[in-house]
Amino acid sequence: MRIGLFLSEPQSIDQLRDSISAAAADGFPSAWLSNIFGLEALTALAVAGSQVPGIELGTAVVPTYPRHPAVMAQQAMTANAALGGRLALGIGLSHQVVIEQMYGYSFDKPARHMREYLDVLLPLVRGEKVDFTGETLQAHLGLSTPGGGFPVLIAALAPRMLKLAAEKADGTVLWMTGPRTVAEHVVPALGEGKRIVCALPVCVTDDVAAARAKAERVFAVYGQLPSYRAMLDKEGAAGPGDVAIVGDEDSVRAQIEAMAAIGVTDFVAAEFGEFERTRRLLRTMLT
């Protein structure tokens, strides 16, 4: 299992470049950036990441609804070309409150939307032409953009999305999904040969109760969004603090290593406290 880093929302391209550079210097094989309301992830990774060689850079994740799949394909291929082939494209539906109430798009038939999105996106990034008319979108074009050939991962939590990840994508990107849920719900649905990127909050500390309370505060919104709430309920977790990986060095190491045992291919640490101590422990796990 590879261990990567979640890049907390950087405020500038220079800050992002420095975070990527530090991750690469520490030996981490990958670093992941979310696309929320700060820097646009693909553009930011292309610019900042092109200045730091070697490390894989992933989006976790870019929402699909605001971008036609051909636009997503073109932008991702361009970013991958800028990165010299080091992009991992993670895409997702986002959430109804974002898509409908903020962007003004319909969130109707989300699984159908993602299936049709992939029916357009995947051939285009393989260099093929697309002639597709579906229920939620259509596309009739080809691209001459360089930079194809990267993995496409989807944020898949519900059964229909996991089935779609198993059938069409290279794997899934998870967030706020605890080990029991990964083992019993995600891994069996995906089957063999798929990439399972599992991101969770991590803090190496002697004060477990305080760290869990901090995780509960910092990540509170994820206990309220329906898709993550469903995963927390499957885990039997009251909130984000219950699925955070916290404890001393031996405890955190054991919890992360347990993720490999259940089938996680990439564990991504979202550091949220005692940063130097946490990073030090993560570095020792890279070998």
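Predicted model: local features only at pLDDT ≥ 70, side-chain atom pairs only at ≥ 80, totals over all residues.
The secondary structure of the protein consists of 12 helices and 12 strands. For a chain of 287 residues, the globule rule gives a radius of gyration of 19 Å; the value for the protein is 18 Å, close to that figure, so the protein is as compact as a globular protein of that length. Along the principal axes, the C-alpha atoms occupy a box of roughly 55 × 40 × 35 Å. Of the 287 residues, 51% count as buried. When contacts with a separation of 6 or more are considered, 72% are made by residues 24 or more positions apart.

The accessible surface amounts to about 12,200 Å², and carbon and sulfur atoms contribute 51% of this area.

Seven aromatic pairs are present in the structure. One of them is formed by tyrosine 65 and phenylalanine 107 and is tilted, with 5.4 Å between the ring centres and 40° between the planes. This pair connects distant parts of the chain: tyrosine 65 belongs to the loop between β4 (62-63) and α3 (69-82), whereas phenylalanine 107 belongs to the loop between α4 (96-102) and α5 (110-125), 42 residues apart. Tyrosine 65 and phenylalanine 107 are both buried.

A further pair, formed by tryptophan 175 and phenylalanine 219, is edge-to-face, with a centre-to-centre distance of 5.7 Å and an angle of 70° between the planes. The angle lies over the 60 degrees that the edge-to-face class requires. Here too, distant parts of the chain are linked, as tryptophan 175 is in strand β9 (residues 171-175) and phenylalanine 219 is in the loop between α8 (208-218) and α9 (226-235), 44 residues apart. Both tryptophan 175 and phenylalanine 219 are buried. These two residues also belong to one aromatic cluster, together with Phe6, Tyr222, Tyr228 and Phe272.

Several features of the backbone were also examined. Most peptide bonds are trans, and most residues other than glycine have a negative phi. The peptide bond that joins alanine 60 and valine 61 is cis, with an omega of about -5°. Valine 61 is located in the loop between β3 (56-59) and β4.

A positive phi of about 70° is found at serine 94, although this residue is not a glycine. Serine 94 is part of the loop between β5 (87-92) and α4. With a relative accessible area of 43%, lysine 109 is partly exposed.

Aspartate 119 is placed in helix α5. This residue is partly exposed, at a relative accessible area of 25%. Residues up to four places away in sequence being excluded, aspartate 119 touches Phe132 and Lys168. The C-alpha atom of aspartate 119 is separated by 25 Å from that of valine 97, a residue 22 positions apart from aspartate 119 along the chain.

Methods. Residues numbered from 1 in each chain as written. Heavy atoms only, no water. Helix = DSSP H or I, 4+ residues; strand = E, 2+ residues; numbered from the N terminus. Rg over C-alpha atoms; globule rule 2.2 N^0.38 Å. Buried < 20%, exposed > 50% of the residue type's maximum accessible area, 1.4 Å probe, protein only. Contact = heavy atoms within 4.5 Å. Areas by Shrake-Rupley, 256 points an atom, 1.4 Å probe, with all protein chains shown as cover. Phe/Tyr/Trp six-rings, centres within 6.5 Å; stacked < 30°, edge-to-face > 60°.
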